[in-house]
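This report describes selected features of the structure shown below. Conventions are stated together with the features to which they apply.

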Amino acid sequence: MHISEGILSAPVLVAGASLTATAVGYGLKKMAYKQMPKVAILSSVFFVASLIHVPIGPSSVHLILNGIIGLLLGWAAFPAILVALAFQAILFQFGGPTTLGVNTFTMAFPAIICFYLFNRGIKGKNNFFALTLAFICGFLSVLLSGIMVATALVFTGELFMQVAKLILIAHLPVMILEGVLTVFCVGFLRKVRPEILDLDA
Amino acid sequence: MIKEKFSEGDSFLHKLDPRVKIIVALLFSAIVAVTDRYTPLWGDLLLAAGLIIIAKLKIREVILRLLVVNSFILLLWIMLPFTFSGEKIYILDSLGVSREGIKYAFLLTIKSNSIILVGIALLSTSSIYNLVHALLHLYLPDKLVQLSFFSYRYIHTIHSEYIRLNNALKVRGFKAQTNFHTYKTYAYLIGMMLVRSYDRSKRVYNAMLCRGFKGKFWTLNHFSFNKSDFIGGIVMISCIIGLMLF
């Protein structure tokens with residue numbers, strides 16, 4: 001769900017860049033050196049996940065996982081996602097220098113929202129409740145990213161309204177897929193290594 | 001393996017100081033992103049194509065790359081001509097194809113591809129390590145630079161971990177389909193990647209502490225800013241500014 005270079009208007013690009021810069025600064029400040037390896041690992045998982053294609057009906061989509069990244073990292077999700085997207089831009093030309101701010105924000109802001117909404121719940125004792133929250137987390141993270149992409153396009157020009165709507169509709173199956181995957185993944189981590197779900201670990 | 005496809009080579013652009021390349025690429029991208037007139041944009045596209053030629057990259061691979069990253073642009077071509085109001089040049093059933101819409105989609109295509117080409121010619125011709133190192137000299141926060149070094153290192157380990165787990169799946173006759181079993185398997189695969197790399201990150205950090213890590217990374221190879229870097233930078237920047245004035 002990258003927005004390509006050369007499409008968005010200057011005010012949207014500047015707004016995205018400054019919001020991202022502020023949030024990345026805050027995320028870096030909150031991140032202790034001790035956490036650096038974990039943040040880097042999740043940054044790379046976010047990068048590698050985008051190379052994993054999962055079949056869905058006749059087509060396939062790549063994983064996004066910004067919900068899980070947010071759950072595990074909190075504010076450090078901003079620098080982590082920024083770094084991964086910068087690598088994607090340099091290695092594969094997905095996104096680029098001017099859209100890096102907007103693209104980071106559309107991915108990382110939902111991650112933070114998910115962190116605040118679900119971080120506590122998914123660690124709770126009640127398994128069913130935790131997994132329900134995990135589904136909402138995966139679903140919501142992609143939905144919010146879609147809404148942010150759509151917003152960036154519509155603020156650039158009214159004529160992008162239809163494109164924005166199409167992008168949102170096209171992401172509906174991805175939302176469900178990410179929800180299901182997040183359920184299984186959180187379930188797995190709760191069983192196998194619950195301490196990963198702790199922010200300070 | 002994740003390859004830095006375009007970073008191998010010995011052209012002028014490959015040898016140019018990464019700091020110069022980053023500054024020029026940022027300037028070019030920013031200016032093209034806010035330009036909406038055709039004359040300067042054609043010049044910018046030519047300039048971008050020229051840089052690709054100077055970088056002596058394989059044209060076929062550059063074109064292949066362009067095709068892949070133009071999917072978003074393709075979406076615009078499908079939608080914009082129909083959603084734009086204005087003079088209709090062709091009526092398809094009840095849908096009118098708008099001249100303005102096509103013009104606009106075309107404009108965005110040139111802008112987007114110019115920026116992508118310059119990105120390939122200037123940024124992708126340096127290794128990630130050199131670019132990140134250069135960003136440190138360009139006053140990017142120390143912590144962010146370290147995070148990038150770590151993260152780039154781990155991308156390769158995690159990717160090979162993924163390939164290993166994926167091979168294990170294949171050996172056991174796993175076939176990805178649209179069903180819960182597939183999604184569960186992929187989720188567990190991700191989970192396993194997280195667990196293993198989490199353990200690894202703990203080990204690496206402890207090893208670093210043992211070796212006296214105090215939150216500072218020392219880089220061993222240093223850039224030297226020489227005459228050809230200076231001239232190359234000045235020529236490119238004046239071309240970009242010159243085109244803007246057209």
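Residues 99-118 of chain A are 95% helix and 0% strand, and their end C-alpha atoms lie 29 Å apart. Helices are DSSP runs of H or I with at least four residues, strands are E runs of at least two, and both are numbered from the N terminus. By comparison, residues 63-87 of chain A are 76% helix and 0% strand, with end C-alpha atoms 17 Å apart.

An unreviewed UniProt entry lists both 63-87 and 99-118 among the transmembrane regions of chain A; such annotations may be inferred rather than shown by experiment.

## Basis of the model

The model is predicted: local features need pLDDT of at least 70 and side-chain atom pairs pLDDT 80 or more, whereas totals for chains, interfaces and linings use all residues. Residues are numbered from 1 along each chain as its sequence is written, chains are lettered from A and ligands numbered from 1 in the order written, and side-chain values use heavy atoms, without hydrogens or water.

Buried denotes under 20% relative accessible area, exposed over 50%, and partly exposed in between, with a 1.4 Å probe and protein chains only.

Residues in contact with A:F47 (heavy atoms within 4.5 Å) include A:F87, A:L91, B:I2 and B:I155, leaving out residues up to four places away in sequence.

## Residue B:A49

B:A49 belongs to helix α3 (residues 38-54) of chain B. B:A49 counts as partly exposed because its relative accessibility is 30%. B:S114 lies 65 residues away in sequence from B:A49, with a C-alpha to C-alpha distance of 7.8 Å.
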